[in-house]
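Please read it alongside the sequence and the coordinates.

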Amino acid sequence: MPFTLSVSQAGGESEEFSFEGGEARLGRTADNDVVIKDPSSSRSHARVWEEDGRYFVEDLKSANGTKLNAKVVKGPLQLEAGDRIMIGDVTLLFSSPEANATMMVAPGSTVDEAGEEDEANATILKPPTSKPNAAAISRRPPPRRPTPPPAEEPEADDPPPDEDDGADSTRDFKVPPPKSLQRRPTGAVARASRAQPSADEPAALSASDRARQRRELQRSSVGRAQLLWSDLSKPARIVVGLIGSIATIAGLGLVVMAVMPKKVAKRAEPVALVANGDPIPESFGEGEDVDFSRPDMKTFTVSYASPTAIVGVLHYQARDCAKDEVTIELNGGPVGSVPPDTVEVATRQLEVILPSSQLKIGDPNEIVFDNVNNPPAEDPWRIWNVWVEVIPIPVMSAEDASRRAKEDIERGSRLYEMRDVGAMNLFRAWKQYRDAWLLLEATPDRPTDLLQISRTRMREIRPELDRKCSAMLVDYQKEMTQKYPNVAAARKVLQNIPSHFEKEHPCFGMSRFLLRGLDDFGETE
C-alpha cells in the first residue's frame, strides 16, 4: 500500500517522496531510497516499511540515532499519519491514505499536544537486520511480504481479551520479520530439533534392521571405516580426532614450506670498495628492483697504498637515469655524471676516470653518486656492479710517458692484426690502447695526439668486443631455452667466456653471474 514521506530541512527546503508500499531506506549515501544530506546522517541510517497494512520505522544502528516525534527510536515503532521522523536537522512527515483513514486516538492516549509519544507505552520490537535495498524511488515493485500466521483461537478456559484497554492497544503487536530474516535453525538448535522425533517420523530401527545395515557397510572400505568409528568409545574418538588433526596440520605445514620461496639472507649494505676487487652485484638507488634504497645518493669508500702516483677507473652499470640527473664526485670534487639510458642499458659497462690529483694514497677516498634532481621525490634510478680499478703510475717525465704510451699503442695494433689467431687478442689489443689512455690522462703536459689516438682506437674496438660477447650469450640462451634445458652445455659456454675477456669488460662479470644462477638447475647431458 502506498505511503508518502515529506522531507523538510532546516533551511526551509522540502521534497516529497511517494512509495508503492514495500520499504524505504533512509541514509547519507546514494544507494538509499531517500538521501539525507545532513552531517548527522549515517550511510544506512533508518528504514520505513509496510507490513500487513501497518507502517513501521526502525533505526539501523546509526551513529547519531533517529527520533519519532522527538523521542529516540530504540526499536521498530508503528507509524501513524502525521508522525514526524527526525534525522539530525531533517524532518520526514509520514502520511498514508490507509493510515489517515484508520488513525484513531483513544481516550487516555499518550499523544500530547506536541505530538510526543510516551515511550513507555510503545512496545520495542526485535530489530530486523535485512540489508539495504538500493532500488529507485516509486519505480520498484513492492517486495513480497510473508503472510503472518493466523491468530490462535483462545482456549475455553482463557479469559476473553480486554476490548477496552485504552490507546495502548494500537501499539501492542508483534511484527513478523521480513522473509530474508526467516532462517532455518542451525548448530545445536537444529541438532536438538532433529533429535526430537515427530509424529510423522518412522520409529527407531529394530535390531534386525541395524544388523542388515552393518552388513551393507561391510561391503566397502568407507563403510568399514564408518563402522570402526561408530564402535569406538567417546574417549577413543577424542584421541583419534586429536591425532588426525595433528597429522593434518603437520601435512599442511610441510606443503606450505615446500611451496613458499626460500628466503635468502640479505647481507648488510656494502659501503667499502676493494681496489681491483670484484664488482658489488647489489643495486642501489630508488625503485622496485633495487636491493638497497637510496633516493638521493649512495656513498662508497676505497683505500689504496702505493709508493707512486695512481690513477683510478670507476666501473659501474646504471639505468633509469636522465641526462645530468646523477653526478659522480670524488672527495668532494666532480669527476663526471651518469649518462642517460640507451637500448643496451642492461649490458653496457660505464667508466669514469678518477684523476690522480684528487686521489688520496693511504687514506680513504669517498666516491658519491648524487641524484641531484630526485630528492625528495621518488623517481627510479639504479646503479650496480660497482668496482674501482687502481693503476699505479711510475714517476716519469712527460717524454717518458709519451714514449711508453707510444709503445702501448704499437703493441695494441699488432694484437689487433692477430685478433683471429688467439681468443684473447682482441681484448688485449683494446686493453693496450686503454693503458696508453690512462697513462696519458695521469701525465701533466701530455701530448694530445697520442691521447686522441688511444681514445679513438678504444672506441673502435669496443663494439667488436660487445658483438663477440653477445654471440656467446646467444649460444648460452639456445641451450637454456630448449624444451629440456641442456645445463651442462650452457655451463661450458659461460666457462669459456673468461678465455676471451677479463673483468674490464662486462661480459666477464655477466658470465660469473649466470654461472651462479645455474646452480639451481639439474644438469642434463
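The points below cover the model, the disulfide, one further cysteine and the lysine.

This is a predicted model, in which local features need pLDDT of at least 70, side-chain atom pairs count only at pLDDT 80 or more, and totals for chains, interfaces and linings use all residues. Residues are numbered from 1 along each chain as its sequence is written, and side-chain values use heavy atoms, with hydrogens and water left out.

**Disulfide**
- The whole structure holds 1 disulfide, a disulfide being a pair of cysteine sulfur atoms within 2.5 Å.
- Cys469 and Cys507 form this link, with an S to S distance of 2.1 Å.
- The two cysteines are 38 residues apart and link distant parts of the chain: Cys469 sits in helix H8 (residues 448-480) and Cys507 in helix H10 (residues 506-517).
- Helices (H or I, at least four residues) and strands (E, at least two) are DSSP runs, numbered from the N terminus.
- The link of Cys469 and Cys507 is right-handed, with 90 degrees about the S-S bond.

**Burial of cysteines**
- Buried means under 20% relative accessible area, exposed over 50%, and partly exposed in between (1.4 Å probe, protein chains only).
- Cys469 is buried at 7%, and Cys507 is buried at 1%.
- Cys321 is also buried, with 5% relative accessibility.

**Lys298**
- Lys298 belongs to strand E15 (residues 297-303).
- Lys298 counts as buried because its relative accessibility is 2%.
- A polar atom of the Lys298 side chain lies 2.8 Å from the backbone oxygen of Pro270.
- Leaving out residues up to four places away in sequence, the residues that Lys298 touches include Glu269, Phe284, Trp381 and Ile383, where contact means heavy atoms within 4.5 Å.

How values were computed. Polar contact = N/O pair within 3.5 Å; in protein donor to acceptor, adjacent residues only side chain to side chain.
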